[in-house]
Amino acid sequence: MLRLLSFALFLAIWWIAAFFVGGAKLPSPPAVLQVMIAEASSGALFLHLGATLARVALAFVLAMSLGSAMGYLMGRVKLADRLGDPWLILLLNLPALVVIVLAYIWAGLSEAAAIAAIAINKLPTAIVTLREGTRALDRSLDEMASVFAMPRWRAFRHVVLPQLAPYIAASARAGLSLVWKIVLVAELLGRPNGVGFEIGVAFQLFDTPRLLAYSLTFAAVVLVIETLLVQPFEARANRWRPRAA
């Protein structure tokens, strides 16, 4: 109910602001809704939204897979940590725009270049989170697994992975929020479809209703995924932890 009240308050403020500012700069909710319905009826909205979601999914899975493996390795092996730390600092401070532009220059305006650029921007945050999680592992549990002669894969599955689960969930949540933003920039600069591409076209035409229609639809999808997938996964990953009284 509080969320619904918050949305209702947002719509009321938006409607009042549109009345005072004018429809040219800030169209009213019905005007934006009309554009959404028109774009959905033509199929363009679902086409561009699907292209964006596909890029998000591919880049996110690639970055989480590589980042988790590299973070775990750096947390376990001191030599790997020392060798990788300077590059990690570089990637953490390298602007996303630079990575995207270089990827397009080196690999061309291709789908692979866009996905690689998005994944590279997400990669360092996953590495840092998993590295810290690996460093926080309980060494006594490792000793227990060794005493009971547990196979490595079984020890990783039942001893290490449950301890890393909260860090994986935190990395996934933070990384997904980052990927949502970067994918629009990548589409704006070099892709012929997607929500970012449509936002760029709307900006060039000063078509504010269309810009808001695609932006709000994208925001609504992000909110649904966050509520139905990310938050339940994070709660499940942290279920073993004692709750504060």
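Read along the sequence, the chain follows the pattern α-α-α-α-α-α-α-α-α-α, and its secondary structure comes to 10 helices and 0 strands. This is a predicted model.

**View 1. The whole chain and the confidence of the prediction.** The C-alpha atoms of the protein chain fill a box of roughly 70 × 50 × 30 Å, taken along the principal axes. Of the 245 residues in the chain, 36% count as buried. The mean pLDDT of the chain is 87, and 97% of its residues reach 70 or more. Among the elements, helix α3 has the highest mean pLDDT, 93, whereas helix α7 (residues 139-147) has the lowest, 76.

**View 2. The spans that a database record marks on the chain.** In an unreviewed entry, UniProt lists residues 49-229 as "domain: ABC transmembrane type-1". In the model this span is 89% helix and 0% strand, and its end C-alpha atoms lie 18 Å apart. UniProt, again in an unreviewed entry, places the feature "transmembrane region" at residues 47-75, 87-106 and 211-233. Residues 47-75 are 100% helix and 0% strand in the model, with end C-alpha atoms 41 Å apart. Residues 87-106 are 90% helix and 0% strand, and the end C-alpha atoms of this span lie 20 Å apart.

View 3. Helix α4 covers residues 78-93, and it bends by about 40 degrees at G84, with a proline, P86, following within four residues. At 1.5 Å a residue, the 16 residues of α4 should span 22 Å, and the end C-alpha atoms are 23 Å apart, which agrees. Which residues of α4 are buried? They are A80, D81, G84 and L88, and what covers them includes α3 and α6. K78, which is also found in α4, is exposed, with a relative accessible area of 61%; exposed here means over 50%. K78 and W106 are 28 residues apart in sequence, and their C-alpha atoms are 33 Å apart in space.

View 4. Helix α6 runs over residues 111-135, and at 1.5 Å a residue its 25 residues should span 36 Å; the end C-alpha atoms are 36 Å apart, which agrees. Where does α6 bend? The bend, of about 30 degrees, is at K122, and a proline, P124, follows within four residues. Is K122, which is found in helix α6, buried or exposed? K122 counts as buried because its relative accessibility is 0%, and buried means under 20%. Leaving out residues up to four places away in sequence, K122 touches A63, M64, S171, G175, L178 and V179.

View 5. Once neighbours within four places in sequence are left aside, V195 is in contact with H48, L49, T52, L184, E187, Y214 and F218.

**View 6. F206 in the loop between α9 and α10.** F206 is found in the loop between α9 and α10. Although F206 is not a glycine, it has a positive phi of about 55 degrees. The relative accessible area of F206 is 71%, and therefore this residue counts as exposed, in contrast to the buried K122 of α6.

Notes. Residues are numbered from 1 along each chain as its sequence is written. This is a predicted model: local features need pLDDT of at least 70, side-chain atom pairs count only at pLDDT 80 or more; totals for chains, interfaces and linings use all residues. Side-chain values use heavy atoms; hydrogens and water are left out. Helices (H or I, at least four residues) and strands (E, at least two) are DSSP runs, numbered from the N terminus. The expected span of a helix is 1.5 Å times one less than its number of residues. The bend at a residue is the angle between axes fitted to the seven residues ending there and the seven starting there. UniProt positions are given in the numbering used here, feature names are shortened, and annotations may be inferred rather than shown by experiment. Contact means heavy atoms within 4.5 Å. pLDDT is the predictor's confidence in each residue, from 0 to 100. Buried means under 20% relative accessible area, exposed over 50%, partly exposed in between (1.4 Å probe, protein chains only).
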